[in-house]
Every structure is written in C-alpha cells, then in structure tokens.
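Here is a quick briefing to read alongside the model. Take a look at the chain and its ligand first, and then we can walk through them together.

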Amino acid sequence: MKIFTDHRWTIGAGVILALVLATVGIISQGESYKGFDADTLIRFGHILSGITWIGLLYYFNFVQVPSLGGVTPETKADIFKEGSIVRRALWWFRWGAMFTLIFGILLFMNLGAGAGWDIRIGAIFGIIMWINVWMIIWPNQKRVIGITEATADEKAAAGKKALMASRLNTLLSIPMLLFMVASAHFPFFN
Ligand code: HEM
C-alpha cells in the first residue's frame, strides 16, 4: 500500500485521518461548537513544522555528529553528496525552521496585545534559533558538505562554527519549548 511505501502518501493519510476525526468531533457538538478557525490550522502547522525542525536538531546533535567523529574525508565526501541522508535531513531541518517561524509570527500577530512574557521569551529564543539555522548553521554546513567551495581548513572551521550554533540551539530548545507551551496552559509570568 502506497501510504506505507511513499512518505508523501503517509503524510497525506495522517492529515486525512486528523481532519475526519476532527470533523466527527465538531459535528457531534452541533451548534455549541466554537473553536476551529484559521488560528487552529496555523497553530497545528506551527507545531508540526516545529517538531520536524527540533526532531532533526536532536538527530544531528545526539546521533549524527557523535557518529561522524572518526570518519575519513573520503567517506565524508560520499556521506555528504547530492541526494544523501545528510542533505535530505538538512533540507527538512532548515525548511522546518522556516515554516515554524512563519506560522509562529502569524500566531504572535493573532495574540496582539494579549502576548505575555511567557510567549515573548519562547518566541525570542525561537527567533534566535531560526537566525542560527539560516545565518550560521546552513551557510557553514554548505562549506562542510561541499556545496560552497572550501579548503580542508575552511571546512574544519565551518564545521566548528555550525556545531557551536547547533549546540546553542539544542540548549535553547528546552526553555524555548517550556515557555512556548506555558503561555497558553501554565503561564509563569503575568
Ligand atoms: C521560531 C520562532 C517561534 C515563534 C515566533 C513562535 C511563536 C509562537 C506563538 C505566538 C505561539 C502561541 C502561544 C499562545 O497562544 O499563547 C506558539 C505556540 C507554540 N509553539 Fe511556537 N514559536 C516559535 C518556535 C517554536 C518551535 C521551534 C517549537 C517547537 C516545537 C514551537 C512549539 C510551539 C508549541 C508546542 C506551542 C503551543 C501551542 C499551544 O499550546 O496551544 N514553537 N508559538
């Protein structure tokens, strides 16, 4: 079955199942239901792209980087080539970050004057993390994986810079998520 062999079909099937169940719930509530609007879709899109981004951030930090320590430059060239796992992971990683930010800013605009300190702290950390992805990690990774021309020394320096920014993002992801969720459920500030 294609939904188990083609990931695009898997995602489509997940979306359809979510929409069908949500529709059943809404219909069962009849006239009394209030709640599903553009904000719902944006919020859900924000969380889906957020877990895609942070899931891959954790994969890079906890799985990929520790595994590539002793790998030779020749093997690395192979691991980083066009169509490789690393390039695909980096694609989902940076675009996950982009859509998280876009949906996050839309949510923030919807909150308007109601945006408290919890969400401000979460959003500031999230924006710092996005800047790290697009301005530091990705340009340096392009040198490491050979999209941008670089000497062996330049590649090593770029790898270090990308790693520092990636580690900072891993650190920030923890308070970022706490404060982001706190905002609507258990605010620390008011
Ligand atoms: C990139 C910058 C980001 C901005 C500007 C941002 C902004 C926002 C805003 C404004 C809200 C709505 C809060 C409320 O209704 O009180 C929110 C909620 C949320 N965000 Fe973010 N966010 C960002 C990054 C992330 C990331 C990386 C994740 C990781 C998964 C994430 C996960 C969540 C979650 C789980 C919620 C809670 C939804 C709820 O409880 O209703 N956000 N975000």
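Helices here are DSSP runs of H or I with at least four residues, numbered from the N terminus. With that in hand, please keep in mind that this is a predicted model. The chain holds seven helices and zero strands, and the order from the N terminus on is α-α-α-α-α-α-α.

**Overall build**
- Along the principal axes, the C-alpha atoms fill a box of roughly 65 × 50 × 25 Å.
- The chain has 190 residues, of which 22% count as buried.
- Take the contacts between residues at least 6 apart in sequence: 74% of them join residues at least 24 apart.

**Around the ligand**
- The ligand is surrounded by 25 residues, and the closest are G50, G104, L107, G126 and S183.
- Two or more residues of this shell come from each of α3 (38-67), α5 (85-111), α6 (117-145) and α7 (152-185).
- By residue type, the shell splits into 17 nonpolar, seven polar and one charged.

**A closer look at α6**
- α6, one of the helices that give two or more residues to the ligand shell, is 29 residues in length.
- From first C-alpha to last, α6 reaches 39 Å, close to the 42 Å expected at 1.5 Å a residue.
- Where does α6 kink? The kink is centred on V133 and amounts to about 35°.
- After α6 comes G146, which has a positive phi, near 95°.

Methods: Residues are numbered from 1 along each chain as its sequence is written. This is a predicted model: local features need pLDDT of at least 70, side-chain atom pairs count only at pLDDT 80 or more; totals for chains, interfaces and linings use all residues. A residue is near a molecule or strand if its C-beta atom, placed from the backbone, lies within 6 Å of it. Ala, Val, Leu, Ile, Met, Phe, Trp, Tyr, Cys and Pro count as nonpolar, Asp, Glu, Lys and Arg as charged, and the others, Gly among them, as polar. The expected span of a helix is 1.5 Å times one less than its number of residues. The bend at a residue is the angle between axes fitted to the seven residues ending there and the seven starting there. A residue is buried if 20 or more other C-beta atoms lie within 10 Å of its own, exposed if 12 or fewer, and partly exposed in between; C-beta atoms are placed from the backbone. Two residues are in contact if their C-beta atoms, placed from the backbone, lie within 7 Å.
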